[in-house]
Amino acid sequence: MTAIKHALQRDIFTPNDERLLSIVNVCKAGKKKRNCFLCATVTTERPVQVNVVKVKKSDKGDFYKRQTAWALRDLAVVDAKDAVKENPEFDLHFDKVYKWVASSTVEKNTFISCIWKLNQRYLRKKIDFINVSSQLLEESVPSGENQSVAGGDEEAVDEYQELNAREEQDIEIMMEGCEYAISNAEAFAEKLSRELQVLDGANIQSIMASEKQVNILMKLLDEALKEVDQIELKLSSYEEMLQSVKEQMDQISESNHLIHLSNTNNVKLLSEIEFLVNHMDLAKGHIKALQEGDLTSSRGIEACTNAADALLQCMNVALRPGHDMLHAVKQQQQRFSDLREQFARRLASHLNSVFVQQGHDQSSTLAQHSAELTLPNHHPFHRDLLRYAKLMEWLKNTDYGKYEGLTKNYMDYLSRLYEREIKDFFEVAKIKMTGTTREGKKFATLPRKESAVKQETESLHGSSGKLTGSTSSLNKLSVQSSGNRRSQSSSLLDMGNMSASDLDVADRTKFDKIFEQVLSELEPLCLAEQDFISKFFKLQQHQSTSGTTTNEVEEMDGVALSRSYTSGVPQTVSSEKDMIRQMMTKIFRCIEPELNNLIALGDKIDSFNSLYMLVKMSHHVWTAQNVDPASFLSTTLGNVLVTVKRNFDKCISNQMKQMDEVKISKKSKVGILPFVAEFEEFAALAESIFKNAERRGDLDKAYIKLIRAVFISVEKVANESQKTPRDVVMMENFHHIFATLSRLKISCLEAEKKEAKQKYTDHLQSYVIYSLGQPLEKLNHFFEGVEARVAQGIREEEVSYQLAFNKQELRKVIKEYPGKEVKKGLDNLYKKVDKHLCEEENLLQVVWHSMQDEFIRQYKHFEGLIARCYPGSGITMEFTIQDILDYCSSIAQSH
């Protein structure tokens, strides 16, 4: 915009003796035309004329031309449209209203402000400024000495500035004194030159007159310099006198410094001696307690503990540099080391004796628990030993070698003690488990010797190949499902089955309680021992600050101490937790193999026990991991849980293998397959066991594997069946599976339940269609021919004109199927279906009803063909739909 302004001033307004004060880029409102510029100008000649000029860019070239000009005195109203919001539109009211839109609000405001100032300065007429911000309408300062031309334009100020009043007055006086200055400028200039020379001469004379004063000033300066020299001489003499005084003062100051240094050294020496006496002096009572203190009584243990702490504090004193060079300090340190070694040996020997003594006392109570499924309580043993916990901490910090030796002795002895206790405990558990089995065998068979019974039990459940450990009841169920229920001895078999099944449930419940009691006894035993180890041996179980570093201990305790125990001190929390776990692993090394043996025995007794063990073990692992995921108990139970999970997977695999190896009788009908009934028993048992269990996901995976294997095996048996039609085998077994899944409501098997229902429905329909076949065979063949003619293009009403399909032929075929023959055929069909189906699923009436519906559908189909192909013939079947319903009902009731 500045460049445009200069160009307009140069090209348009300067040639017309005008100055450009403000400019705005505008276009007419409401029209899309080329932009133009509105310029506020004033003339350079008096009287001043103020104009508003419209300038437009030429169409023929890149230059501007003057288009329209309005005198400011003709302007009546300036309308800015909005005094608050920014709005580029404004109106100027001259002889008519001109509506403009500025390129920016800032340019519009600047232009309106310039118009207002020009009006205030030159016109003083009434121009209405409406919708204009009050900030733009500022009062102009009255014309004075520094008043510039209206508009405030910087370039205008530089180009033109009026003379102030004084300048005008001086010029007028000068002009009055030289009237001819205007007519003869050269004479006026010469006169001014002469007057200037006169003024210069006067100035020189004034300077010459002041020379005398300068000379007087110079004399005064010389006298002042002489006075200064005299003062310097006096100061030199004074300095010589003070030099001797300075030397004397320096000597006095040096003497005072030596005295102060001597006093300071004496104070420091006294402080060092007091430090050594206060911190490296052990009371006689503490020395006596360390040498002769009673380690059996509580008071003696407390005295020894206090003495050991005091000794440790004396030994851990942070000596200042040079102290270790003092002979007395070395002697005291050696004395402390001897006391420490002596007390450490005495303490270690006593604690080893306590371990042995407490172990003997514990063994005496072991016989009380030999016949019970409980573990001895070690709380009294732990309580007595915890009195020495602080002394163990002292031993750990001062002599790690003896501390480590005590740790090993404790682990060696306690591991043997716990091994005896735990083995006896597991023997009782095994006896209780196998005792239940023996009772079951005695109930079912004649009494035998205990070893024989146990051997038979192990051989029976070891690798029998049956679906479960307690397979007697399931095998008998399979015998029943193979067609032997109708024998006269079925009642005896049923009684035997009920007894065996009841024994299976009792055995499993008993085993579950025993296994839970075993885990419940082991958990507090391990937790109590771990807590004791942590407290007694001062090992961190949970988050805590780490101990003193090895280097620090070496510096505090000296060389001898660092040699004794810095070679393996656990310094971090993780290493101490690892040490706890290692101690627990060694002490309870027999728990994991004993648990695995117990699990193996439970799996031999009954492989379904793996379900109970999986649930119980998972719960205890989950509980242990919530307490401490890295603890010995959590790790051990986790390892055992892996074994239990393998047994569970093995149980599932065995069931799937038995399904694959199942054989059916070729002479009897199949009925409900054994593994289908066994899956029902397994699912019912598993749902009762796994209710609200943590490892529900494992059971769901097993369900999926088993049900898929059941589906495959059912289809395999159905394909191999010779006595029973394939559709009957599929229909009955999938109906049983669907009923089982619907009753148990196993969420993960919803898709399989729908699939079982679909298979049951499909094979029911297939069996009905296959078995029913074409009961009206000749009539069916006749109408097949009719449908074939219609398919060839013959109209339905013209089929009766075919020789082979005329009305007489139709009547002949219909007469061959009177109602009596139809009823006889249906009765034979009912007997055939009754032979195929088993009584367990009770599907006979369902199948018979479906056959009835299918027969009625065929009947309606024939009637429809007669009505369409033989209209008006009056030919009908010799029996009606109601007759069919009566036949089927009477046949069902008679059987």
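Modeller: pLDDT is the predictor's confidence in each residue, from 0 to 100. This is a predicted model: local features need pLDDT of at least 70, side-chain atom pairs count only at pLDDT 80 or more, and totals for chains, interfaces and linings use all residues. Residues are numbered from 1 along each chain as its sequence is written, and side-chain values use heavy atoms, with hydrogens and water left out.

Colleague: What pLDDT does the chain average?

Modeller: A score of at least 70 is reached by 81% of the residues. The average for the chain is a pLDDT of 77.

Colleague: For which residues does pLDDT stay under 50 while the model has 68 contacts beyond four places in sequence?

Modeller: One stretch with pLDDT under 50 is residues 542-572, but there the model has 39 contacts (heavy atoms within 4.5 Å) beyond four places in sequence. Where pLDDT is low, the coordinates should not be read in detail. The stretch with 68 such contacts is residues 436-500.

Colleague: How many salt bridges are there by this rule?

Modeller: The rule asks for a side-chain nitrogen of Lys or Arg within 4 Å of a carboxyl oxygen of Asp or Glu. Counted this way, the salt bridges come to 30.

Colleague: In which helix do Lys535 and Asp531 both lie?

Modeller: These two residues form a salt bridge, with the closest N and O atoms 3.1 Å apart. Lys535 is partly exposed at 41% relative accessibility, and Asp531 is partly exposed at 30% (buried is under 20%, exposed over 50%, partly exposed in between, with a 1.4 Å probe and protein chains only). They sit four residues apart, about one turn, in helix H15.

Colleague: Is Glu687 buried or exposed?

Modeller: Glu687 pairs with Arg696 in a salt bridge whose closest N and O atoms are 2.8 Å apart. Arg696 has 22% relative accessibility and therefore counts as partly exposed. With a relative accessible area of 18%, Glu687 is buried.

Colleague: How far apart are the closest N and O atoms of Asp827 and Lys831?

Modeller: Both residues belong to helix H27 (residues 819-836) and are four residues apart, about one turn of the helix. Asp827 is partly exposed at 21%, and Lys831 is partly exposed at 40%. Their salt bridge has its closest N and O atoms at 3.6 Å.

Colleague: How far apart in space are Asp95 and Ala76, C-alpha to C-alpha?

Modeller: Asp95 is in the loop between strand S6 (89-93) and strand S7 (97-102), strands being DSSP runs of E of at least two residues and helices runs of H or I of at least four, numbered from the N terminus. Asp95 is exposed, with a relative accessible area of 66%. In sequence Asp95 and Ala76 are 19 residues apart, and in space the C-alpha distance is 8.6 Å.

Colleague: At roughly what angle do the axes of helix H18 and helix H19 cross?

Modeller: Ile599, Gly602, Asp603 and Ile605 in H18 meet Asn609, Ser610 and Met613 in H19. The residues of this contact divide into three nonpolar, three polar and one charged. The axes of H18 (residues 591-605) and H19 (residues 609-627) come within 8 Å, and the crossing is at roughly 145 degrees.

Colleague: How far does H19 reach from its first C-alpha to its last?

Modeller: Among the buried residues of H19 are Leu611, Tyr612, Val615 and His620. The helix has 19 residues, and its reach is close to the expected value at 1.5 Å a residue; the reach is 27 Å.

Key: Axes are lines fitted to C-alpha atoms, for helices over the stretch in contact, and angles run from 0 to 180 degrees between N-to-C directions. Ala, Val, Leu, Ile, Met, Phe, Trp, Tyr, Cys and Pro count as nonpolar, Asp, Glu, Lys and Arg as charged, and the others, Gly among them, as polar. The expected span of a helix is 1.5 Å times one less than its number of residues.
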